[in-house]
Amino acid sequence: MITAPKKTGILFFPAFDWAISPDHPEREERLLYTRDQIFEEGLLDIEGIIEYPPRITNYANLLRAHICVPGPEEITTESHLISAGGCNVIADAVLNQEIQSGFAIVRPPGHHAMRITHGSRGFCNINIESVMVEYIRKKYNIKRIAIVDTDAHHADGTQDIYYNDPDVLHISIHQDGRTLFPGTGFIGEAGGPAAYGTTLNVPVPPHTSDEGLLYIMNNLVLPVLNEFKPEIVINAAGQDNHYSDPLTNMNISARGYAKLNELLKPDIVVLEGGYSIEGALPYVNTGIILALAGLDYSHVLEPDLTADKIKQSPKITEDIKKTVDQLLLLFSNRTRIDLNKIFGKGEFYHRTRRIFYDTDNLLDEQKEQIYRCDNCSGYRLVHSWVNSFNKSNYTTYVVIIPRDACPGCVKRAEERWQEKQKSGGYDYIFLQDLVNERYERVPKYQVSLP
Amino acid sequence: MPLTIGIDVGGTNTDAVLVSARGVHKKAKIPTIKDNLLQSVLEALEAVYDPHSEKNLERICISTTLTTNSIVEENYDKVGLLCLPGPGLHPKYLPFHESMEILPGYVDHRGRIVKDLNPNTVRQAVEKFLKKDIKRFAVVGKFSNRNPELEMKIHDLIIGEYSDVKHISLGHRVTSRIGFPRRIATAYLNAAVYRKHKEFADAVENALGSKGITAPVFILKGDGGTINLEASRRLCVHTILSGPAASIMGQITLTGEHPAAALIDIGGTTTDIAIMLNGSPVFERSGAEISGYKTSVRALYSRSIGIGGDSAVKVENGVLQIGPHREGPAVIFGGNTPTPTDAAAALGKVPCADPKVAKEALKPLADSLNVTIKKTAELIIEETAQSIANAVKNIVVSLSNRPVYTVKEVLEPLVIELQKLIGIGGPSPVLTPLVAEKLGIDYEIAPVHQVANAVGAAAARPTTVATVHCDTSTGYYSISELGIKKEIGKKNWNIDKVTAIAKKAVEKRARSRTGYQDIDFSREVEITTHEEFNVVRGFQTVGKIMEVKAQIKPGAVFSLTHWKEGEENDHSS
């Protein structure tokens, strides 16, 4: 009987009784073949690979990462809460040192869910990595965390949640936003005024293969991590960068993905997207599990893969090298750069965004103000106007007190919160106070929050 | 009155009973002859066999340690292992990889043949083994449970071309379960113990024939069910771990079916714990483990802890230490180290034992603890019962915390609330009430514990499974255990149809076994897996994948719950 060199935890929650809709890519069948492959390979029988049962999380855990509009009950199902809870189970096992690393193979995914979330976009309602990150920070007194998102789509939700958080390094490697949903994730999106350089976007050309991805790992991700020195490394492991994925145009193989994890040595891996449910997921997940456990994955191979199929053109290699060089420069200059040139000289940094919810068919137009404080990352005020195709339109105002907020910012934010309650004019007014753990809404929440 | 003979070959003793629904008519206990289990079986049979009631003898059921011992002692034949692993886990991690020849050709997770066999590589591999004088083979392919064709082709090729080959175990026949490494271990061990078991079966058949006994013979399996002698030859690996199964079936026969109970068998060195839910014993989740090999053999869930009536009791650093070792019998029975049995005797709870001897034995412990002898005896019993109760609690927790794969199961988790403790074994009358008290539940002590295993073997009904995997978009269904793969064409099968096929298959398999014609299949057949997925390609539903597993669950064909020991019934009708 073999023993894995590295103790590895697996939480497998395929939600075999849940779908967005019967024919949707995010349906019951999605992890069926992955289960068949993992079980047939006997991976969960290997000594040192431990399977954990899932656990449902509560609304309070969501509200550290999100402002759910109108409320958590309306925009989540039990499956979302179990998917997020499953990640927390793995986090507990890693941080209690039961395992060296863990893999939450859960659905539905989460990385397109923004801090202010109105429903489902890109198949995501709740950002399962961020819910887990906030759970880890709360429970284990861990501050510095790195998330490396390798899904083919830009992790715009995770980026949004940690855009101005200097303690979370978020690196997203994805197919160029000019060619794929959600259309963002360019090099210029590098973090807010208090966290410039801790958001790194690596857009890669369509048809990028293992060669390109591993080049980015070796030449960008690993050196940056080495400098950032996170206490925890998370791989948001979307598998839609696979050459057989029906929704994207990337050329990653199962073995390439295993190699990536061997190099990255993440503490926690979370499944994100990936819709080549027969041709990719069974093999990629097998590869990741073996790599995490320190076992030989050289025999993992998709039945239809040939070397020619994923050969990367020299042009793509050149483009990737250029991108990596630019990002290395950006990262190494991040503390020296004149932030006023990027964020202006005003008291507040303003930005305006339009966020489209493809699944729920609504458009969120946001105006955001981030207070530029010398002592902390600054409180945030967000005005959101939602234009919904299915429901009536509504307006939301949100006051956010970040976890590192200084007393001055707490006070100023509290004043805005009181003012807005008096003046009204919005359908919903929210307070997300991460310092004092107050998560409130006017009108008051209908659900009871533990 | 139909009679059954039950025989349980244990490590020390071989027990036999002549039993009917009215009670135990004859019982016998003889020492097991280590190197001649056949002789043990025949002697035990002789002791309870009654030529006058031959016409009423309906069947003989044997629980033997033959295959178990053979595997544990690695006293079995070398096997040529032909594997079709395809891509995936590196073959060096597979069990018995040192006796493995890897062949090209494989099946994927949908049961599609991605790459066909190359007959020449099969021939080369077979000849390589034959040159080394290895004549027994196991053939196992990845996903052969989904599509057995490649394994069957190899089988036919070998049978057609190599007359030297003595036996071939096929992965899909020995188990339908998913799990390639377990299927390999199961098929390999099946082929490895095949000869020994066959010789045993042949010898039993001959011996009975020469005595003129015509009753059909059954062998107890690790899942608490029986299999007829003929079928047991091909599936001999399923007879491993029948000892714990016999004990569990004995307890069920003697105390009945319970909605939620823990079954404890307290022996000299160890206590075995099993769980019964909804009237059926709980199974091992993925299969039996033996000698470090994880197999797909269906087995009853049973956990052993190192505490029993003869556990050595010591005081270390002022703390009582009970077990996990046995250093001999209790002092009252001639041993040197005090045991829980001595503690019970000191409290006057062991009939026919001298409390004085027991008290004397406990004195040094009492001195170290600085309490009275009576108090020491009470502490030992208390502590022993507590350890067993803790083990039961832990088992309940670990069974409840099983992984689940649906939202429904997360929201409605399996809650095991034990209602009853069933105790068996020598120390059971003293310890069971205390363990039950600590668990806060009722208890019942099984009578005739000396031959309960033989009673269990006698009463166990035949069990069997059939797994139907149907994929309407590839247009096939398969029943691995029966080596069936059939086209369904364009027919629109639904889950009810698949369930009906599974039920029919399992009934057919069981009915072929004479000796159990009166079993009520409508009650005993249960569906253990029931899955249905829509296959969607390009936003279109193109078919369904359905899997239904039907089993005849383990249980007793008759119950002796109302029978009192001592009522030796007159069976000569």
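Student: In this predicted model, which residues of α5(A) do S83(A), A84(A), C87(A), N88(A), A91(A) and L95(A) in α4(A) meet?

Tutor: The contact is made on the α4(A) side by S83(A), A84(A), C87(A), N88(A), A91(A) and L95(A). By class, this contact of α4(A) with α5(A) has 10 nonpolar, two polar and one charged residues. The partners in α5(A) are I128(A), E129(A), V131(A), M132(A), Y135(A), I136(A) and Y140(A).

Student: How are α4(A) and α5(A) oriented, roughly parallel or oblique?

Tutor: Helix α4, residues 78-95 of chain A, and helix α5, residues 128-140 of chain A, have axes that come within 9 Å and cross at roughly 40°. The crossing in which α4(A) passes α5(A) is right-handed. Because angles under 35 degrees count as roughly parallel, the crossing angle of roughly 40° makes α4(A) relative to α5(A) oblique.

Student: How many nonpolar residues does the contact of α8(A) with α9(A) have?

Tutor: On one side stand residues of α8(A), including Y257(A) and A258(A), and on the other stand residues of α9(A), among them V284(A), I288(A) and L292(A). Sorted by class, the contact of α8(A) with α9(A) also has three polar and two charged residues, while the number of nonpolar residues is nine.

Student: Which strands stand at the edges of the open sheet of eight strands in chain A?

Tutor: This sheet of chain A has parallel pairing, and its strands follow the order β2-β1-β4-β10-β9-β6-β7-β8. The two edge strands each have a single partner strand, so one side of each is left without a neighbour in the sheet. They are β2 (47-52) and β8 (199-204).

Student: Which strands stand at the edges of the open sheet of six strands in chain A?

Tutor: Here the pairing is mixed, and the order in chain A is β11-β12-β13-β14-β15-β16. Each edge strand has a single partner strand, so one side of each is left without a neighbour in the sheet. These edge strands are β11 (348-357) and β16 (438-442).

Student: At what angle to β14(A) does helix α12 of chain A run?

Tutor: Strand β14 (residues 394-401) of chain A is paired in the parallel sense with strand β15 (residues 428-433) of chain A over six bridges, and T396(A) stands opposite Y428(A) in β15(A). Helix α12 (residues 407-423) of chain A lies across β12, β13, β14, β15 and β16 of chain A. Its direction relative to β14(A) is about 160°.

Student: How many Å separate the centres of domain 1 of chain A and domain 2 of chain A?

Tutor: Chain A is assigned a domain 1 that covers 3-332 and a domain 2 that covers 349-442. Their contact takes 23 residues from domain 1 of chain A and 25 residues from domain 2 of chain A, and the domain 1 side divides into 13 nonpolar, seven polar and three charged residues. Taken over C-alpha atoms, the separation of the two centres is 27 Å.

Student: Turning to chain B, how far apart do the C-alpha centres of domain 1 and domain 2 lie?

Tutor: Chain B is divided into domain 1 (80-192), domain 2 (304-447) and domain 3 (464-552). Between domain 1 of chain B and domain 2 of chain B, the distance of the C-alpha centres is 47 Å.

Student: Which residue in the turn between β19(B) and β20(B) has a positive phi?

Tutor: Strands β19 (residues 311-316) and β20 (residues 319-326) of chain B pair in the antiparallel sense over five bridges, and S311(B) has R326(B) as its bridge partner in β20(B). The two strands form a hairpin with two residues between them. The turn residue with a positive phi, of about 50°, is N317(B).

Student: How many residues does the contact between the chains take from chain A?

Tutor: Chain B gives 34 residues to this contact, and its side divides into 18 nonpolar, 10 polar and six charged. In chain B, α6 (180-211), α12 (407-411) and β26 (525-537) each supply at least two residues of that side. From chain A, the number of residues taken is 39.

Conventions. Residues are numbered from 1 along each chain as its sequence is written. Chains are lettered from A and ligands numbered from 1 in the order in which they are written. This is a predicted model: local features need pLDDT of at least 70, side-chain atom pairs count only at pLDDT 80 or more; totals for chains, interfaces and linings use all residues. Domain bounds come from an automatic or database domain assignment. Two residues are in contact if their C-beta atoms, placed from the backbone, lie within 7 Å. Ala, Val, Leu, Ile, Met, Phe, Trp, Tyr, Cys and Pro count as nonpolar, Asp, Glu, Lys and Arg as charged, and the others, Gly among them, as polar. Helices (H or I, at least four residues) and strands (E, at least two) are DSSP runs, numbered from the N terminus. Two strands pair if DSSP finds at least two bridges between them. Axes are lines fitted to C-alpha atoms, for helices over the stretch in contact, and angles run from 0 to 180 degrees between N-to-C directions. Angles under 35 degrees count as roughly parallel, over 145 as roughly antiparallel, 65 to 115 as roughly perpendicular and the rest as oblique. A crossing is left-handed if the near helix is turned anticlockwise from the far one by less than a right angle, and right-handed if clockwise.
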